[in-house]
Amino acid sequence: MNFAEWEPAYEAVLDDFGFDRTADERARDVAADLASPFALGKLDFLADATVAVAGAGPSLAEPAALDRARAADAVVAASSAADVLREDGVAVDMLVTDLDGSPETARELSESGVPVAAHAHGDNVPAVREWFPRLADQWTLATTQAEPSGPVRNFGGFTDGDRAAFLADHFGAGELRFVGWDFDDPDVGPMKARKLTWAARLLHWLERRRGERFPVLDDRRESLSLPWVAEED
């Protein structure tokens, strides 16, 4: 995924939520000032691997989900999913976070040599300023949903969970295995529910790009519109 491919989807997200693109760009620039270039070769372990993309939904704590994550070649966790996995002894090989859930976990993982994709967006600048300097620099991959700049990269995706999937895809994952994804979680608020709908849309786009069908979308695929994708695609 390069930015030219991602930008139409990004613009659709901005339009739907009324988000300010310049705010994302300002956050990106703050992250660029605080981050160092990340050696992308550190993510070679994702190539051809069966990658469990762990969402932070309540179903992640179920034994079957934990077992599926444990059996994967690599685990990429979204935000606080890392805490659930680690509590059950499941190793986390990469964390994707906007520093909203468990930033202390991001610090601990980075200091132990686990890559952390730390995301900057329009409304988390205070967290970026506080936590980027506290993460182990050589293990921190700064990301943005806007146009990438300097050490800040963009591999696609909007929420922590779908960004994890797009990142694993970008680095050549052979299979994406989704655990802890609860699109209909009744305990989330209206804004989070809208974001989960967008996560499902973006995963549908990703499965089409990969020529696959993700089972996690089997009960909703037909309802997912992709307004930024040409019909012939």
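This is a predicted model: local features need pLDDT of at least 70, side-chain atom pairs count only at pLDDT 80 or more; totals for chains, interfaces and linings use all residues.

Q: Why is R221 called buried?
A: The cut-off for buried is under 20% relative accessible area. R221 has 5% relative accessibility, so R221 counts as buried. You'll find R221 in the segment after α8 (190-210).

Q: What makes β2 mostly covered?
A: In β2, 5 of its 5 residues are buried. Both faces are covered, with A74, V76 and A78 buried on one side and V75 and A77 buried on the other.

Q: How do you know that β1 and β2 pair?
A: Two strands pair if there are at least two bridges between them. β1 and β2 have 4 bridges in the parallel sense, so they count as paired. One spot to look at is A52, which stands opposite V75 in β2. The chain goes from β1 through α3 to β2, a right-handed β-α-β crossover.

Q: And what makes β2 and β3 a pair?
A: Same test: at least two bridges are needed. β2 and β3 have 3 bridges, again parallel, so they pass. A78 has V96 in β3 as its bridge partner. Together, β2, α4 and β3 make a right-handed β-α-β unit.

Q: Why are β5 and β6 called edge strands?
A: β5 (140-144) and β6 each pair on one side only. You can read this from the order of the open sheet of 6 strands, β5-β4-β3-β2-β1-β6, with parallel pairing. On average, neighbouring strands here are turned by 20° against each other, direction ignored.

Q: Where does helix α3 lie?
A: Helix α3 (residues 63-71) lies across β1, β2 and β6, and runs at about 155° to β6.

Q: What do the buried residues of α5 pack against?
A: They pack against α4 (81-87), β3, β4 (116-120), α6 (125-131) and β5. The buried residues of this helix (residues 103-111) include P103, A106 and L109. Just after α5, G113 takes a positive phi of about 90°.

Q: Which residues touch the most other members of the largest nonpolar core?
A: Of its 50 residues, V51, L176 and W205 do. Several elements supply at least two residues each, including α1 (3-17), β1 (50-54) and β6 (175-179). A second, separate core has 35 residues, including L66, L95, A120 and V128. In soluble globular proteins, nonpolar side chains tend to be buried together.

Q: What does W205 touch?
A: Not counting residues up to four places away in sequence, W205 touches M1, E5, W6, A9, F166, L226, W228 and V229.

Definitions and conventions:
Residues are numbered from 1 along each chain as its sequence is written. Side-chain values use heavy atoms; hydrogens and water are left out. Buried means under 20% relative accessible area, exposed over 50%, partly exposed in between (1.4 Å probe, protein chains only). A nonpolar core is a set of buried Ala, Val, Leu, Ile, Met, Phe, Trp, Tyr and Cys residues joined through side-chain atoms within 4.5 Å. Contact means heavy atoms within 4.5 Å. Axes are lines fitted to C-alpha atoms, for helices over the stretch in contact, and angles run from 0 to 180 degrees between N-to-C directions. A crossover is right-handed if, with the strands pointing away from the viewer, the path from the first strand over the helix to the second runs clockwise.
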